Amino acid sequence: MASNPERRAALIDAGVEVLAREGARGLTYRAVDAEAGVPVGTASNYFTDRADLLRQIDTRLHVRLAPDPDVVAELMTRPKDRSLVAAFMHDLMARATRDRTGYLALMELRLEATRRPELLASYTKSVRGDLEEAMEFHRTAGLPGGDESVTVLYLAMLGLLLEHLTLPGVLEGVLPGVGVPDGLVERIVATVLREGPEGGEARGT
């Protein structure tokens, strides 16, 4: 198995492009070689099979789509209130918009996992790990809302990302006067983290 890390990274990024554009059925070694601009047969020297390629794409996307540590550090200097949670959700949306291809590839991975039992377990573990990490970050950072709030935010933002990146026209004008996607992000956060009866932020369990 070839071990050139730069070539491997380039092939994986090429795989992301193919996966997002053509779907899992179009993710062949030949397509990856063509996208990466390398000789036919190169990808087969770096991945044992398509499942291995898909798993490495998943790993790569976790790095590629991760929050910028400098952005997180700046946000954490702000008051730990609902507006800060909204700022984190806006950052998530901005990252998705900048790397639409990466998020579309993540969605394709979800679909392919339903067809391939060997991917279902590993991808479920990967995504569950992301959710648990978000819960831990929320608790450690002292942000309003508990695990329940984080879970509902996760589900709501996942739905917004899906619509905005695939069928954006579905949401245009659905709530008069609410912009897409930023206005909807604000509505999601305000709905999940309602003001408590004494003016504080309501906290989930």
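This note goes through the predicted model point by point, from the overall fold to single residues.

1. Basis of the model. The structure is a predicted model, in which local features need pLDDT of at least 70 and side-chain atom pairs count only at pLDDT 80 or more, while totals for chains, interfaces and linings use all residues. Residues are numbered from 1 along each chain as its sequence is written, and side-chain values use heavy atoms, with hydrogens and water left out.

2. Overall fold. The protein chain has 9 helices and 0 strands, and its pattern along the sequence reads α-α-α-α-α-α-α-α-α. Helices (H or I, at least four residues) and strands (E, at least two) are taken here as DSSP runs and numbered from the N terminus. The C-alpha trace spans about 65 × 35 × 30 Å along its principal axes. Among contacts with a separation of 6 or more, 65% are between residues 24 or more positions apart, where contact means heavy atoms within 4.5 Å.

3. Of the 205 residues in the protein chain, 40% count as buried; buried means under 20% relative accessible area, exposed means over 50%, and partly exposed lies in between, with a 1.4 Å probe and protein chains only. The accessible surface comes to about 11,100 Å², and carbon and sulfur atoms hold 56% of that surface, with areas from the Shrake-Rupley method and a 1.4 Å probe. The chain carries 24 positive and 31 negative charges, whose mean positions are 4 Å apart. In this count Lys and Arg are positive and Asp and Glu negative, with His and the chain ends not counted, and each charge is placed at NZ of Lys, CZ of Arg, CG of Asp or CD of Glu.

4. The buried residues of α9, which runs over residues 182–192, are L184, V185, I188, V189 and V192. They cover an arc of only 135 degrees around the axis, which puts them on the same side of α9; the arc is that of the directions from the helix axis to the C-beta atoms. An α-helix has 3.6 residues a turn, so residues three or four places apart point the same way. The cover over the buried residues of α9 includes α5 (82–98) and α8 (147–166). In the loop between α8 and α9 lies P181, and the peptide bond from V180 to P181 is cis, with omega near 0 degrees. Most peptide bonds are trans.

5. The aromatic pair. The structure holds 1 aromatic pair, where rings of Phe, Tyr and Trp (its six-membered ring) pair if their centres lie within 6.5 Å, and planes under 30 degrees apart count as stacked, over 60 as edge-to-face and the rest as tilted. The ring centres of F88 and F137 are 5.5 Å apart and the ring planes stand at 85 degrees, so the pair is edge-to-face. The pair links distant parts of the chain, with F88 in helix α5 and F137 in helix α7 (residues 117–141), 49 residues apart. F88 is buried at a relative accessible area of 11%, whereas F137 is partly exposed at 35%.

6. V18 lies in helix α1 (residues 5–22) and is buried, with a relative accessible area of 0%. Leaving aside neighbours within four places in sequence, V18 is in contact with G23, G26, L27, A31, V32 and E35; the C-alpha atoms of V18 and A31 are separated by 7.0 Å. E17, also found in helix α1, is partly exposed at 27% relative accessible area. Not counting residues up to four places away in sequence, E17 touches E35, R64 and T101.

7. Q56 in helix α3 (residues 50–64) is buried, with a relative accessible area of 19%, and, apart from neighbours within four places in sequence, is in contact with R8, I12, Y46 and F47. D91 in helix α5 counts as buried at 13% relative accessibility, and beyond neighbours within four places in sequence D91 is in contact with P67 and V71. H138 in helix α7 counts as buried at 7% relative accessibility; not counting residues up to four places away in sequence, H138 touches V85, L143, P144, G145 and V150.
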